[in-house]
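Biologist: Let us go through this structure label by label. I will ask what each label rests on.

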Amino acid sequence: GFCRPSEALWFDRRSVFGRRFHYLSRLYDGDFREFFVSILGVAEDCRPELFADRWLELSIDRSVDLSSSEVEDALTVIYDTLERLAVPHWFERQHRELKVWTKRRLFAAPSQVFIDDMPGLSRLVHRHFRDLELL
């Protein structure tokens, strides 16, 4: 089927966004990337704030199956993606609402969690959540 460029991404981010986008790299050879991205204006990847928005959605959406490994898979990608960024202005405002995924398969405030076993999250917290006192 057809879709608008705004409804598609080149990179496959199903583990984070599910069916929200059409992921063209799953359908087309890498030789077509330039055509879709440069000519048609399809985004190569999601804007970073969409990753933070998804993190927030996962932590507050009561319909999310917290026993599923899909939550951990999505958060691993989200943490690693956000950890590589410089501190953007929108993250400074939004991070106070974000909760951290725990081994008990629930979300908790970062100040209530020992963050040591997920390297991407640990670096993200130490870099962007400087005002927190970690357990």
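Modeller: Start with threonine 81. Its relative accessibility is 9%, so threonine 81 counts as buried. Bear in mind that this is a predicted model.

Biologist: What makes 9% enough to call threonine 81 buried?

Modeller: Buried means under 20% relative accessible area. Threonine 81 has 9%, so the label holds. The residue lies in helix α4.

Biologist: Which backbone atom lies 2.8 Å from a polar atom of the threonine 81 side chain?

Modeller: The backbone oxygen of valine 77. The cut-off for a polar contact is 3.5 Å between N or O atoms. The separation here is 2.8 Å.

Biologist: Now the cysteines. How many disulfides are found in the whole structure?

Modeller: The search finds 0. A disulfide would need two cysteine sulfur atoms within 2.5 Å.

Biologist: Is cysteine 46 buried or exposed?

Modeller: Buried. The limit is under 20%, and cysteine 46 has a relative accessible area of 9%.

Biologist: Why is cysteine 3 called partly exposed?

Modeller: Its relative accessible area is 31%. Cysteine 3 sits in the segment before β1 (8–9). Leaving out residues up to four places away in sequence, it touches Ala8 and His22. Cysteine 3 and histidine 22 are 19 residues apart in sequence, with 7.7 Å from C-alpha to C-alpha.

Biologist: On to the rings. How many aromatic pairs does the structure hold?

Modeller: There are 9 aromatic pairs. Take phenylalanine 35 and phenylalanine 36: the ring centres are 5.3 Å apart and the planes meet at 70°.

Biologist: Why is that pair called edge-to-face?

Modeller: Two tests apply. Centres must lie within 6.5 Å, and planes over 60 degrees apart count as edge-to-face. With 5.3 Å and 70°, phenylalanine 35 and phenylalanine 36 pass both, so the pair is edge-to-face.

Biologist: What makes the pair of tryptophan 55 and tyrosine 79 edge-to-face?

Modeller: The centres are 5.0 Å apart and the planes are at 70°. The angle limit is over 60 degrees. Tryptophan 55 lies in helix α3 (residues 48–60) and tyrosine 79 in helix α4 (residues 69–83), so the pair ties together parts 24 residues apart in sequence. Both residues are buried.

Biologist: Which residues form the aromatic cluster that includes Phe35?

Modeller: Trp10, Tyr28, Phe32, Phe35 and Phe36 form one cluster.

Biologist: What makes a group of residues a nonpolar core?

Modeller: Its members are buried nonpolar residues joined through side-chain atoms within 4.5 Å. The largest core here has 25 residues, and Phe17, Leu75 and Ile78 have the most contacts inside it. At least two core residues come from each of α1 (14–17), α3, α4, β3 (100–101) and β4 (107–108). A second, separate core has 6 residues, including Ala8, Leu24, Phe36 and Val37.

Biologist: Which residues does phenylalanine 17 touch, not counting those up to four places away in sequence?

Modeller: Tyr23, Cys46, Leu50, Phe51 and Arg54.

Biologist: Last topic: charges. How many salt bridges are found in the whole structure?

Modeller: The search finds 9.

Biologist: What makes aspartate 12 and arginine 14 a salt bridge?

Modeller: The N to O distance is 2.8 Å. The cut-off is 4 Å. Aspartate 12, at 29% relative accessibility, therefore counts as partly exposed. Arginine 14 is partly exposed too, because its value is 40%. Salt bridges that share partners join Asp12, Arg14 and Arg26 into one network.

Biologist: How do you know that arginine 33 and glutamate 34 form a salt bridge?

Modeller: Their closest N and O atoms are 3.4 Å apart. The limit is again 4 Å. Arginine 33 is at 26% and so counts as partly exposed. Glutamate 34, at 44%, is partly exposed.

Biologist: Which salt bridge does arginine 47 make with glutamate 49, by its N to O distance?

Modeller: One of 3.1 Å. Arginine 47 has a relative accessible area of 47%, so it is partly exposed. Glutamate 49 is partly exposed at 24%.

Terms used:
Residues numbered from 1 in each chain as written. Predicted model: local features only at pLDDT ≥ 70, side-chain atom pairs only at ≥ 80, totals over all residues. Heavy atoms only, no water. Buried < 20%, exposed > 50% of the residue type's maximum accessible area, 1.4 Å probe, protein only. Phe/Tyr/Trp six-rings, centres within 6.5 Å; stacked < 30°, edge-to-face > 60°. Helix = DSSP H or I, 4+ residues; strand = E, 2+ residues; numbered from the N terminus. Contact = heavy atoms within 4.5 Å. Polar contact = N/O pair within 3.5 Å; in protein donor to acceptor, adjacent residues only side chain to side chain. Salt bridge = Lys/Arg side-chain N within 4 Å of Asp/Glu carboxyl O.
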